[in-house]
Amino acid sequence: MNLTVNQAVWLAAAMMTYERFKNNEVKSIDDIALVQTDIRERAQSLTDNNVDSARISQHFNADHQSNTQNYFKTMKENNRRLSYPGECEGIKERPDLNLQDSLFLSSGEEIKVDQLVSFIETEYRTFIENKQPAVSSLEIDFEKIITHLNKYANHSYKNPIQLEYEEKKIYLDIRESGGEAVTELNKIAERLALKYGVKNKGKSKWLTGGNDVVRRYLWNQLKDRDYDNLLTSISIFAERKEGDMQFRIAVELDEKKAKQADFDQHHKILTKPLIQDSAYCYYIKPDNGWDDEVSYELPEEVQKKVRNGEYKKVQLVYVLTHEQIQQQTLTNNQIYKKLEEAFENLLGYYNLVVGKVKHTKTDVEETSMYEKNIVLYGPPGTGKTYHTVIYAVAIIENVSIEELVSEFYEEVLTRYIAYKKAGQIAFTTFHQSFGYEEFIEGIKPVLDNEESDQVKYKIEPGVFKQLCDHAQQLEISSTIENQGFSTDTRIWKVSLGRRGDDQTKRDCFENNYIRIGWDDLGANITDETEFPNASVKKIVSDFYDEMSIGDIVLSLGDQKHIDAIGFITGDPEWLEEANYYKRSRKVEWIAKDIWEDVYKLNQQTNLTLSTVYELKKMNSEEINKLILQYAENKRDDLAIEENKKNYVFIIDEINRGNISKILGELITLIEPTKRLGAPEQMKVQLPYSKVEFGVPQNVYIIGTMNTADRSIALMDTALRRRFRFIEMMPNLQVLEDIYVDGIDIKKMVDTINRRIEVLYDREHTIGHAYFLGLKKDPTLDNLSGIFENAIIPLLQEYFYEDYSKIQLILGDNAKANDFKFILDTPMQMDKIFKASPDMDLPENKYCIQRAAFQDQQSYIWIYE
């Protein structure tokens, strides 16, 4: 039974669920929750295909925004359960299955697939519907909440029992309205609690503590069950504020019970940037005030004011007003979807405070189907390098391997070449001479110019660092200029005019360019141009030859500050109409008239007055963050965003290099949890350039390893535990129906490999790739060449030229002499040595019999 990944994953979850019910382990809805890694391990035992963890966490999860199937629903602790038939409107709830197939449960009991399907459709579905009475489909009437608060908030209240006539009716209406409003709000809380695995602390009250005034707000508090004792919660409010009603979701603190340590822990919400949407803001409670104030300050500024005592408490909130609901004519479902999205966004901040997670995952990590570091390993000729093309394209396009395998390989290869040309794929081969300088960075000699023999030395990035730098470039597009490119990682400092010359700087800011001088050198700079000194030559040469479109430019403010950020969009131009500073380049200013301290970002190095120079020490990651921060206020036609494309670095023969020599400190940085943006991200200062370096989340490493060259058991242990190893053994199915003059190629290779496994091991079997050429050219001459030039030399290497074993592999020990590839003849020692030497001497000598390669019976008798 050859199952697809989809079939294996669904059946694994169904079997695990069935076993729990059969063993009477299921009492509550939580008992059907399955751990994702357990599903994956069980599924992997059912299929030869690789089961990626992202299939279970994202692509098969009905609750995930990028899902492709609806097999699972999210449970507490990020566990999963199977969806039941009809729960997702019957859309992709299970894969196509052969109902007559049989499987074996953990107990060894055999069960048919149709039994599992029937169990899910009946007993399992009934259990969930009884234990979970359609909370997820409860219709919420938001109008009841809105009407109640707009009509009765802060209204006095009396017990209707003590009243009569019209007055009694008024307060009965208030009581009914209040009860309906808190019920509807509680429905919202219940739905969110179910989806995100948190605990709803109960219905709100609609009266104040004295039961004589209608509350101006209703409140449902939600907490993670494991952190119920902490004073921070994520809560839902419906409230009347400043004359109108609004819904609010807040990460808030119960300050009445809080001590200073609780305040400090709660204010960890300020360690993450505020979500860039006007609906999100801070509610600030000043130290000397009572009412909350709205703030959109940067979290760093808010932190400072918390530390100096100006702010006492900060809430992180999302607000949806009644006015917005009316303006956008939102339906009940649309209102709920907005609140649900906000709740999910703020849940990351809440988890950060309580310590459930340190940081939320990056978008790239969240949406990827593949492990960050993979090694394809197996015997020679099993298609490892061939499959790196498929894996690389699959990672970049974020599609399954099965999907690409079903395409023509030539089409996939064409896309691979295009991605490689675009810089998204890099390839190298490890060998004993390959080192850190080629991989990360090194000092390399270069000629000063083509006409000079003088050598100068430059710090050059290695192949892997180049790819990592490329992966961090910002993506920029302009709809007006129909322009799209990535920012380069090169960052330049420019001084716009002399000190006190504000006119030149204003002109540059207003007309989107940078200008430099030395107009007396003329409009055209050539090799004959005479510069006043080497410094000027360097500045002008950098401006013309080194700067390029996409480079980032920082305008000098003072020694520690910059007053503008932009990127170069044009080649050098000569401004004939300008009175001075005629050399220019077009620039798109992202931010002007700012005052950003970049001293720490530049490794605590002051900026100098030199007109133009590259900031090689500048932290490009932090500069990118600044650009993204300021880009929010740019014009609508200009889009600047993080690079979310995937990049792939392929290392062929990864086990042949000296790993510690090549990777150095990178052996730690490539770990998924140590990459940039990960919970335990790490950076190191590189030894030559002194810049900080980390590995981005969107860089994937694929290695290949020939197990005949070195056993996996002998791999560097530090490397082995950081990579996911995917075995690639000979696939004889691809040799099906290949016959050469009556020779069954599949049967022949299978026989050879079974003998190699007995005489050596499975890691030295012969791959199918050696014989694929016979599909197009199934001739004896072609087969003869394969054996003579590839198979025999390989066997000689495997068995150290022990020809008696090679004969056993090829069946020559049972053939007539004419059909032996390795011919053995007795040694006549008396004709070679005088007398009889007192030592063990071989009885036979061996030679390769070329004529046997041209006889079809030589091959047939390998397996018959």
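Q: How many bridges join E5 to strand E6 (residues 217–223)?
A: Helices (H or I, at least four residues) and strands (E, at least two) are DSSP runs, numbered from the N terminus, and two strands pair if DSSP finds at least two bridges between them. Here, two bridges join E5 to E6, and the two strands run antiparallel. Lys 199 stands opposite Lys 223 in E6. One caution: this is a predicted model, where local features need pLDDT of at least 70, side-chain atom pairs count only at pLDDT 80 or more, and totals for chains, interfaces and linings use all residues. Residues are numbered from 1 along each chain as its sequence is written, and side-chain values use heavy atoms, with hydrogens and water left out.

Q: Which strands stand at the edges of the sheet?
A: The open sheet has seven strands in the order E5-E6-E7-E8-E11-E9-E10, with antiparallel pairing. Strand E5 (199–200) and strand E10 (293–295) stand at the edges; each has a single partner strand, so one side of each is left without a neighbour in the sheet.

Q: Is strand E9 (residues 280–286) buried or exposed?
A: Buried means under 20% relative accessible area, exposed over 50%, and partly exposed in between (1.4 Å probe, protein chains only). For E9, seven of the seven residues are buried, so the strand is largely enclosed by the rest of the structure. Tyr 280, Tyr 282, Ile 284 and Pro 286 point one way, while Cys 281, Tyr 283 and Lys 285 point the other way. E9 pairs with strand E11 (residues 311–321) over seven bridges in the antiparallel sense, and Tyr 283 has Gln 315 as its bridge partner there.

Q: Where is Arg 675 found?
A: Look in the loop between helix H21 (666–669) and strand E27 (684–685). Arg 675 is buried, with a relative accessible area of 0%. A polar atom of its side chain lies 2.3 Å from the backbone oxygen of Val 699. Contact means heavy atoms within 4.5 Å; not counting residues up to four places away in sequence, Arg 675 touches several residues, including Lys 372, Leu 669 and Tyr 700.

Q: How many disulfides does a search of the whole structure find?
A: A disulfide is a covalent bond between the sulfur atoms of two cysteines. The test is a pair of cysteine sulfur atoms within 2.5 Å, and the search finds zero.

Key
A polar contact is a pair of N or O atoms within 3.5 Å; within protein, one must be able to donate a hydrogen and the other to accept it, and residues adjacent in sequence count only if both atoms are side-chain atoms.
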